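Subject: Structure for your review

Dear colleague,

Please find below the structure for your review. My findings follow directly after it.

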Amino acid sequence: MNVLLLNPPASRPYLRDYFCCSESKSGYLWHPIDLLIQSGILSKSYRIFFIDGIAEKLSDKDVLNIMEEIKPDVIFSLVGSLSYEEDTKFLRACKNRWNSLIVCSGDILLEDEPPEWVDAVLTNFLSDELLLFIEGKREGFNFLKVKNDKERGNKRTFKEKFRYPVPLHKIFMKNGYRLPFIPYPFASILTSFGCPFRCSYCNSGNIGFSLRDIENIKEEVEAILSIGIRHIFIKDMTFLSDTEHSLKVMELMKKYGITYNCYTRAELVNENLLYELKRSGCIMLQIGVESTNEDALRKLGRNADIKWTKEVFKMAKKLGIRTGAHFIFGLPYHSQEDVDKTISFACELKPDYASFNVFIPRPASNLWRENFETLQDEKRKWLKKAYLSFLFRGWRIEKVPKNFRLMGEFLREGFKLYKNLLRRENG
Ligand code: SF4
């Protein structure tokens, strides 16, 4: 039986994995983690194929031609809230052509009923229930929503530490996967699932939180090294959420001489932890700053300390860890003045990389459940101002000629941003 893991082609460079859909503005893409993890689980019993229509820059026609060769019996596909219309059209066409079993994963389907063209929806991609479904089981699932099964897919996460079989990393080494200032090729792993925090603009807290068994991480790290890859993207929503567990992961990275990058929150970091991160091979730390309005963030369930955030960026820089800062404009309780202050703060922080985003209620987040509206009209203006202010500040231009690799990244990022965001009339 042929199983196809599919990131469908689309008109824009969408990122749709891990129940979050966004558009890549600078051309950076990573491995779709849902598909990657299922590759290990499903390859025990089935022949696995993988197509990433976005990373491989394939058209609908290209993907359908490749699929004609594969003739998939099962398609496990990503879908996303931003691309849902085109995803539906494409997957419907696949259903009509091959009558494959179609199972999806994506933010938009996390809480809704499975649409008519889908056979099931996987609500936790660490689970082996997709395998059981392919084998013929049709009810009694914890993490799989199947039509007409009343008990279906209501659980969110595991109580115990989770494990997953080593994924087929080799077939995920596509050229399109790039991250800012990260060596290529790299591999993606999870050391935890979900997030213990409850920011109301994010759905990660609502999918629960669990930690991965350390021995199981070790097994995967060894497999990654055996195929010659020496850099790992720890794709946890919030690394350092459980300090003790993260320290064990860091020990492992240090033992194997691996470099890595991860996402965290400034409030979870202290000077000692930063030192441990550096010592264990962390070369890039990406931090969700969101905005400078602490009161507004508190109302959204997020405790932020802007003074401390600035200190963390300073210390990381001193230790030689590159930094990425993530910001959101247009969150509830924020004003135009907050946008301006946040842009100035981003420039003051001097991270190596900044990602500016406009708030869109994320499916399965608390604000989405409350039907919160956002000011999309301002979107293009805010992003344009933020990127122009950030990218063309004197300090950033000054450091370019000193480092050729950085110059390459800088030019590439500027070009992609211009193409994808600044030049587009209706961005
Ligand atoms: S925004 Fe970050 S810290 Fe807050 S719930 Fe989401 S992943 Fe967790």
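Of the protein's 427 residues, 45% count as buried, a residue being buried if 20 or more other C-beta atoms lie within 10 Å of its own, exposed if 12 or fewer, and partly exposed in between, with C-beta atoms placed from the backbone. The model is a predicted one: local features need pLDDT of at least 70, side-chain atom pairs count only at pLDDT 80 or more, and totals for chains, interfaces and linings use all residues. Residues are numbered from 1 along each chain as its sequence is written.

The protein has 14 helices and 16 strands; these are DSSP runs numbered from the N terminus (helices: H or I, at least four residues; strands: E, at least two). Among the contacts with a separation of 6 or more, 74% are between residues 24 or more positions apart, where contact means that the C-beta atoms, placed from the backbone, lie within 7 Å.

Helix α3 covers residues 84-98, and its 15 residues should span 21 Å at 1.5 Å a residue, which agrees with the 21 Å between its end C-alpha atoms; the expected span is 1.5 Å times one less than the number of residues. Its buried residues are Asp87, Phe90, Leu91 and Cys94. Seen down the axis of α3, they fall within an arc of 90° and so line one face of the helix, the arc being that of the directions from the helix axis to the C-beta atoms. Glu85, Lys89 and Asn96 are exposed on the other side of α3. The cover over the buried residues of α3 includes α2 (60-70), β5 (74-78) and β6 (101-105).

Leu78 stands opposite Ser105 in β6. Four of the five residues of β6 are buried, so the strand is largely enclosed by the rest of the structure.

Ile48 lies in strand β4 (residues 47-52) and is buried, with 22 other C-beta atoms within 10 Å. Not counting residues up to four places away in sequence, Ile48 touches Val3, Leu5, Ser39, Leu42, Ser43 and Leu168.

Finally, the residues surrounding the ligand include Cys195, Cys199, Cys202 and Arg265, by the criterion that the C-beta atom, placed from the backbone, lies within 6 Å of the molecule.

Kind regards

Methods: Contact = placed C-beta atoms within 7 Å. Pairing = 2+ DSSP bridges.
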